[in-house]
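Trainee: I would like to learn how to read a model one feature at a time. Can we take a single chain and go through it?

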Amino acid sequence: MDKISQLPDDLLIKVLSLVPTKDVVAMRVLSKRWMSLWTLVPRLIFGDYPEEDDDREEDDAKDNENDNCRNLSQFVYGTLLLHRAPVLERFHLNRVSGCSASDIDLWVRIAVDRFVRDLKIRFFPEYGIIRLPSTLFRCETLETLELRKVIISEVPSRVSFQSLKTFRLLFVKYADEESFVRLISDCPLLQDLVVETCHDDNVVTFTINVPSLEKFSIRNTLQDLETENDVFVLHYHSLKQLTIVDYFGELKLLGNNMPQLIEANLLSVSCHANVLESFSHLKRISLCLPEEVQYPTGIVLTQLVCLEICSCESNWTNMFVSVLQHSPKLKVLKLVRNHSVTEDRNVFWIQPSCVPQCLLYHLKTFEWRDYEGAEVEKEVAIYILKNASRLVTATIYYPDSFELERKLHMFKELEVVSRGSKSCELRMG
């Protein structure tokens with residue numbers, strides 16, 4: 001007898017919970033014991049194709065999706081018919097564009113009856129119109145809910161997610177603005193909310209008033225569609241982390257000061273958002289901002305200890321210097337390149353007239369990822385090494401495509417530079 005078969009049922013069920021559902025069901029033929037065990041697995045994930053498939057050409061994606069969905073409904077029905085787990089820890093319906101609204105309604109009802117804790121409904125590539133069962137909107141066990149490319153035809157007047165902690169609304173289309181408000185209106189334990197906007201979502205002003213909310217992410221990433229100028233009215237309460245990704249459109253953020261906010265991630269945020277003006281209490285910030293965005297006058301980040309700046313924009317050095325000059329207690333500095341750059345961009349480095357206070361007294365860690373050794377990059381790196389008098393480690397990471405000999409040559413160029421901190425260790429990542 002093999003060692004796996006000697007394991008107790010409880011442990012085997014935990015092992016099977018880590019295996020894709022289609023493989024778990026296929027394993028029932030191994031033995032009579034496996035035939036009954038798979039029906040007790042508390043996690044069911046359907047349509048779990050690789051995420052990178054999202055990048056396929058749209059026509060190919062549609063053809064493949066039609067092929068996949070022909071058997072998906074039958075597979076889900078067959079699995080649920082035999083499934084006997086009293087509690088569903090996870091129930092995911094991925095890429096269900098070929099499934100009918102009535103099918104999805106029934107499957108969600110079954111999941112709610114099984115005290116589902118983590119529910120995901122994802123349509124791909126097309127949007128799907130669904131009428132979610134009323135029992136879902138009163139589900140007391142649900143802790144995580146994700147809806148992707150869903151058209152919600154109706155939201156009841158009273159919604160109560162008493163246990164919900166994570167809510168992801170990705171490219172969702174609502175009946176109206178009030179539908180969105182009702183969805184998040186009674187979530188007393190909600191900590192993490194993600195809203196990804198889309199064209200024709202029927203919402204211009206997103207109002208978020210959730211006292212328990214600690215993490216909030218706003219995303220506007222659909223470049224092939226004309227996007228409305230969305231407005232987010234955010235009541236901050238206990239908010240500690242804010243992420244804004246706005247590649248297209250004119251997203252505006254309205255609200256009062258954020259005294260408890262300690263971390264922010266801002267990517268391509270339009271200058272109309274004016275979010276930097278509310279960040280005086282931040283401890284960590286990640287920035288990748290378009291050229292027209294200027295650092296707000298008179299704002300000092302007195303609590304900031306960790307700064308990450310993306311170097312993909314032509315004027316990244318201007319924002320870099322401005323933040324350094326207004327972050328007197330900065331301890332960790334990271335330079336990254338998260339996006340591709342154009343060959344014709346012109347980056348200039350103007351050395352500050354006086355050394356920022358954080359370099360003289362507080363900066364201890366410096367990292368630079370995808371360092372290519374361009375003249376401006378070299379000047380910035382040398383400036384940091386020469387002036388950071390308390391620096392402990394400086395780590396330089398080079399692009400993976402660079403040959404080792406080239407990396408060593410660029411590293412030696414920095415290694416010979418005199419350093420402001422005698423205890424600074426220069427490393428090659």
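Trainee: Is Ser314 buried or exposed?

Mentor: Keep in mind that this is a predicted model. Ser314 has a relative accessible area of 17%, and because the cut-off for buried is under 20%, Ser314 counts as buried. Ser314 is found in the loop between strand S16 (306–310) and helix H7 (316–325).

Trainee: Which residues does Ser314 touch, not counting residues up to four places away in sequence?

Mentor: Ser314 is in contact with Glu291 and with a run made up of Arg345, Asn346, Val347 and Phe348.

Trainee: How does Arg369, another loop residue, compare?

Mentor: Arg369 sits in the loop between strand S18 (365–368) and H9. With 36% relative accessibility, Arg369 counts as partly exposed, because that class lies between the 20% and 50% cut-offs. Beyond four places in sequence, Arg369 touches Leu335, Val336, Arg337 and Tyr397.

Trainee: What can be said of H9 itself, its length and its buried residues?

Mentor: H9 covers residues 375–387, which is 13 residues. From first C-alpha to last, H9 reaches 18 Å, close to the 18 Å expected at 1.5 Å a residue. Its buried residues are Val376, Glu377, Lys378, Val380, Ala381, Tyr383, Ile384 and Leu385.

Trainee: How should I read a nonpolar core?

Mentor: In soluble globular proteins, nonpolar side chains tend to be buried together. Here the largest nonpolar core has 108 residues, and those with the most contacts inside it are Phe91, Ile121, Ile208, Phe216 and Phe320. A second, separate core has 9 residues, including Leu16, Val24, Trp38 and Val41.

Trainee: Which residues are in contact with Ile121, leaving aside neighbours within four places in sequence?

Mentor: Among them are Leu93, Val96, Ile104, Val108, Ile130 and Leu132. Ile121 also contacts Glu146, Leu147, Arg148 and Val150.

Trainee: And how are pockets found?

Mentor: Rolling a probe the size of a water molecule over the atoms shows where empty space is left. The second largest pocket has a volume of about 240 Å³. Of its 13 lining residues, the closest to the centre are Cys312, Glu313, His339, Ser340 and Val341. The lining divides into 5 nonpolar, 5 polar and 3 charged residues.

Trainee: What about the chain as a whole?

Mentor: The secondary structure comes to 10 helices and 20 strands. Of the 429 residues, 49% count as buried. Among contacts between residues at least 6 apart in sequence, 62% join residues at least 24 apart.

Conventions:
Residues are numbered from 1 along each chain as its sequence is written. This is a predicted model: local features need pLDDT of at least 70, side-chain atom pairs count only at pLDDT 80 or more; totals for chains, interfaces and linings use all residues. Side-chain values use heavy atoms; hydrogens and water are left out. A nonpolar core is a set of buried Ala, Val, Leu, Ile, Met, Phe, Trp, Tyr and Cys residues joined through side-chain atoms within 4.5 Å. Buried means under 20% relative accessible area, exposed over 50%, partly exposed in between (1.4 Å probe, protein chains only). Contact means heavy atoms within 4.5 Å. Helices (H or I, at least four residues) and strands (E, at least two) are DSSP runs, numbered from the N terminus. The expected span of a helix is 1.5 Å times one less than its number of residues. On a 1 Å grid over the protein atoms alone, a cavity is a set of points where a 1.4 Å probe fits but cannot get out, and a pocket is an open set with protein on both sides within 12 Å along at least five of seven lines; lining residues have an atom within 4 Å of a point. Grid points are joined across faces, edges and corners, and a volume is the space filled by probe spheres set on the points. Ala, Val, Leu, Ile, Met, Phe, Trp, Tyr, Cys and Pro count as nonpolar, Asp, Glu, Lys and Arg as charged, and the others, Gly among them, as polar.
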